[in-house]
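Open your viewer and load the model. Keep the selection tool at hand.

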Amino acid sequence: MLGVTPSPWEFQPHPEVWLLLGGLTAAYVYMVKVLGPRAVPPGQPPVTRTQVALFSVSMVVLWIASDWPVHDIGERDLYWVHMVQHLLLSYVLPPLFLLATPEWLLRTLIGTGRLQRVVRWLTQPVVAAVGFNAIVILTHIPGVVNESATNAVLHYTLHVALVTMSILYWMPVCGPLPEYRLAPGPKMIYLFAASIIPTVPAGWLAFAEGSVYNVYDVPDRAFSMSVTTDQQLAGVIMKIGGSLYMWTIITVIFFRRFMAGWEQQQSFRRATRVPDSEIVGHAERPLTFDEVSREFEKVPPPREPD
């Protein structure tokens with residue numbers, strides 16, 4: 001019926017999402033199959049199996065976050081689903097996409113000219129962190145959220161900006177170019193700082209009274225969830241879910257960098273190999289029997305007491 005909003009549970013086709021996924025997949029296959037063999041030394045594969053698997057997973061994440069039903073429920077009915085959608089696009093998709101990209105491929109895409117200089121500047125830790133947190137704050141402003149729900153151009157522009165800034169943000173963490181990546185210590189600080197800023201809109205959503213986003217204040221809501229409960233759940237997901245995700249990565253980096261070999265050093269189990277320095281007492285060449293005998297001959301015998 002004209003003027004009736006379709007149910008979010010009713011299947012809604014999104015051919016633009018399918019075209020995007022198909023285009024990205026075709027481009028990846030072309031660059032790997034056609035450009036890759038000419039970009040790497042003979043006998044070296046352009047990509048590893050792990051990179052291919054990560055690219056496949058990244059496309060699945062993009063599909064789940066952008067297609068029905070997540071897209072339709074998140075944009076018109078439940079804000080906490082919208083929050084999950086944004087976490088997938090900003091926290092999960094970019095690292096997967098970067099880890100799936102071989103070094104030669106990114107160098108081919110950005111070249112060595114002006115684009116490379118722009119990317120290098122945008123991926124500086126301070127610039128990338130400010131840009132990432134700015135788009136996070138922007139996508140939670142009530143006026144922007146309400147308008148994007150009814151304006152398709154603004155909606156997709158915000159999503160493109162979110163994914164783009166997220167990719168730039170994650171470059172110093174897991175990007176394919178080693179000169180762009182931070183050392184483990186600064187990397188942990190960088191990730192920890194990013195987990196603080198989202199607490200502002202998260203706390204605002206969790207403790208706000210009434211409807212923050214008018215577009216979600218509809219009579220027939222999925223799961224019969226109230227607007228207040230929906231907003232509170234979205235705030236909890238943004239705060240706890242996002243923070244736990246970042247802190248888990250920080251913990252992994254810490255143990256991989258600063259606790260490497262700790263178990264073996266603290267273990268009472270017999271080592272499989274004894275260091276040479278412990279066998280001879282020092283790292284120098286051990287003395288022979290003849291050398292010891294000659295040294296004793298140089299020492300006069302002790303005098304007998306009178």
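**Before you select anything**

This is a predicted model, so treat it as such: local features need pLDDT of at least 70, side-chain atom pairs count only at pLDDT 80 or more, and totals for chains, interfaces and linings use all residues. Residues are numbered from 1 along each chain as its sequence is written, and side-chain values use heavy atoms, leaving out hydrogens and water.

**Stop 1: the whole protein**

Show the cartoon. You will find 15 helices and 0 strands. Helices (H or I, at least four residues) and strands (E, at least two) are DSSP runs, numbered from the N terminus. The protein has 306 residues, and 37% of them count as buried. Buried means under 20% relative accessible area, exposed means over 50%, and partly exposed lies in between (1.4 Å probe, protein chains only).

**Stop 2: the cores**

Select Tyr 79, Tyr 169, Trp 170 and Leu 191. These have the most contacts inside the largest nonpolar core, which has 59 residues. Helix H9 gives the largest share of this core, 9 residues. Apart from it lies another core, of 6 residues, including Val 70, Leu 78, Ala 222 and Met 225. A nonpolar core is a set of buried Ala, Val, Leu, Ile, Met, Phe, Trp, Tyr and Cys residues joined through side-chain atoms within 4.5 Å.

Zoom in on Leu 191. Which residues does Leu 191 touch, not counting those up to four places away in sequence? They are Tyr 169, Trp 170, Val 173, Met 246, Ile 249, Ile 250 and Ile 253. Contact means heavy atoms within 4.5 Å.

**Stop 3: Val 92**

Select Val 92 in helix H4. Is Val 92 buried or partly exposed? It is partly exposed, with a relative accessible area of 23%. Leaving aside neighbours within four places in sequence, Val 92 is in contact with Val 61, Leu 87 and Tyr 245. Draw a distance line to Tyr 245.

**Stop 4: helix H5**

Select residues 103-110, which form helix H5; its buried residues are Trp 104, Leu 105, Leu 106 and Ile 110. Their cover includes helix H1 (15-39), helix H6 (114-122) and helix H9 (152-174). Step on to Gly 111, which follows H5 and has a positive phi, near 65°.

**Stop 5: the pockets**

Rolling a probe the size of a water molecule over the atoms shows where empty space is left. On a 1 Å grid over the protein atoms alone, a cavity is a set of points where a 1.4 Å probe fits but cannot get out, while a pocket is an open set with protein on both sides within 12 Å along at least five of seven lines; lining residues have an atom within 4 Å of a point. Grid points are joined across faces, edges and corners, and a volume is the space filled by probe spheres set on the points.

The largest pocket has a volume of about 950 Å³. Select Leu 24, Phe 97, Val 163, Thr 164 and Ile 167: of the 35 lining residues, these are the closest to its centre. H9 gives the largest share of the lining, 9 residues. The lining has 27 nonpolar, 7 polar and 1 charged residues. Ala, Val, Leu, Ile, Met, Phe, Trp, Tyr, Cys and Pro count as nonpolar, Asp, Glu, Lys and Arg as charged, and the others, Gly among them, as polar.

Move to the second largest pocket, with about 330 Å³ of space. Of its 13 lining residues, Val 173, Lys 187, Ile 249, Ile 253 and Arg 256 lie nearest its centre. Helix H12 supplies the largest share of the lining, 6 residues.

**Stop 6: the cavities**

The structure holds 2 cavities of 30 Å³ or more. The largest cavity has a volume of about 100 Å³. Its lining includes Met 83, His 86, Tyr 91 and Met 238. H4 gives the largest share of that lining, 5 residues.

End at the second largest cavity, with about 70 Å³ of space. Select His 82, His 86, His 155 and His 159, which are among the residues that line it. By class, this lining divides into 2 nonpolar, 6 polar and 1 charged.
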